[in-house]
Amino acid sequence: MASQYKNLFFDLDDTLWAFSLNARDTFEEMYQKYDYDRFFRSFQHFYTLYQYRNVELWEEYGRGQVSKEELNRQRFLYPLEAVGARDAALAEAFSDDFFSVIPTKSRLMPHAYEVLEYLAEKYNLYILSNGFQELQCHKMRSAGIDRFFKKIVLSDDIGVL
């Protein structure tokens, strides 16, 4: 009996591509590169402050209250401001480096590659993601999974937050 399904849709971040692990690794690299120990008690102190504001900003972004640019500016500046280091240029440099490094990371969720290999022979595979266009395709190439997908549909591309 043939399957009634021909197309399968996947989210990318933390479904296939290990966003949380790749992001944490990148944050640690940037923390060391920018000598953030001079501002924070530890990497965990910095990361906790970042995550707290980042969650709020994504909610605001989803409600259309902040732009993508403002989301990115504030989430990298907030941890510094929280410890009294109001250095917008430093936050911007950290952010720029973060976004150039994170899409080069290649960690996938457990067994994601094997699952895609299996499914790609039987179905048309697609990505649906709210990730930013300038990052998602690069992440997929870095992880070696871009070849499995017929099309990538991003909320950025269709004007949906």
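These are my notebook entries on a predicted model.

Next I checked what joins strand 1 to strand 2. I found 4 bridges between strand 1 and strand 2 (residues 124-129), and the two run parallel. Which residue of strand 2 stands opposite Leu8? I looked, and Leu125 does.

Then the helix over the sheet.

**Aromatic rings**

I went through the ring pairs and the count came to 33 aromatic pairs. I picked out Tyr36 and Phe94. Their ring centres are 4.9 Å apart and the planes are at 25°, which is under 30 degrees, so I logged the pair as stacked. The two come from distant parts of the chain, 58 residues apart: Tyr36 is in the loop between helix 1 (19-33) and helix 2 (43-62), while Phe94 belongs to helix 4 (residues 88-101).

Are these two buried or exposed? Tyr36 has a relative accessible area of 1%, so I put it down as buried. Phe94 is buried too, with a relative accessible area of 1%.

**Nonpolar cores**

Tyr36 turned up again when I looked at the largest nonpolar core. That core has 38 residues, and those touching the most other members are Leu16, Phe27, Tyr36, Phe46, Ile145 and Phe149. I noted who contributes: helix 1, helix 2, helix 3 (68-82), helix 4, helix 5 (112-120), strand 2 and helix 6 each supply at least two residues. Which helix gives the most to this core? Helix 4 does, with 6 residues.

Setting aside neighbours within four places in sequence, I listed its contacts as Phe10, Asp11, Leu108, Met109, Ala112, Leu116, Ile127, Ile145 and Phe149. Ile145 and Phe149 were already on my list of core members that touch the most others.

There is also a second, separate core of 5 residues, with Leu57, Tyr61, Val66 and Phe132 among them.

**Tyr50**

Tyr50 is in helix 2. Its relative accessible area is 4%, so it counts as buried. I checked a C-alpha separation as well: Tyr50 and Arg75 are 25 residues apart along the chain, with their C-alpha atoms separated by 6.4 Å. Arg75 is also one of the contacts of Tyr50, along with Phe27, Phe76 and Pro79, once neighbours within four places in sequence are left aside.

Most residues other than glycine have a negative phi, and I looked for exceptions.

Asp14 is one of them, with a positive phi near 65°. I placed Asp14 in the loop between strand 1 and helix 1. Its relative accessibility is 33%, so I logged Asp14 as partly exposed.

His111 also has a positive phi, of about 65°, without being a glycine. This residue is in the loop between helix 4 and helix 5. Is His111 buried or exposed? Its relative accessibility is 58%, so I wrote it down as exposed.

Note on methods:
Residues numbered from 1 in each chain as written. Predicted model: local features only at pLDDT ≥ 70, side-chain atom pairs only at ≥ 80, totals over all residues. Heavy atoms only, no water. Pairing = 2+ DSSP bridges. Phe/Tyr/Trp six-rings, centres within 6.5 Å; stacked < 30°, edge-to-face > 60°. Buried < 20%, exposed > 50% of the residue type's maximum accessible area, 1.4 Å probe, protein only. Core = buried A, V, L, I, M, F, W, Y, C linked by side-chain atoms within 4.5 Å. Contact = heavy atoms within 4.5 Å.
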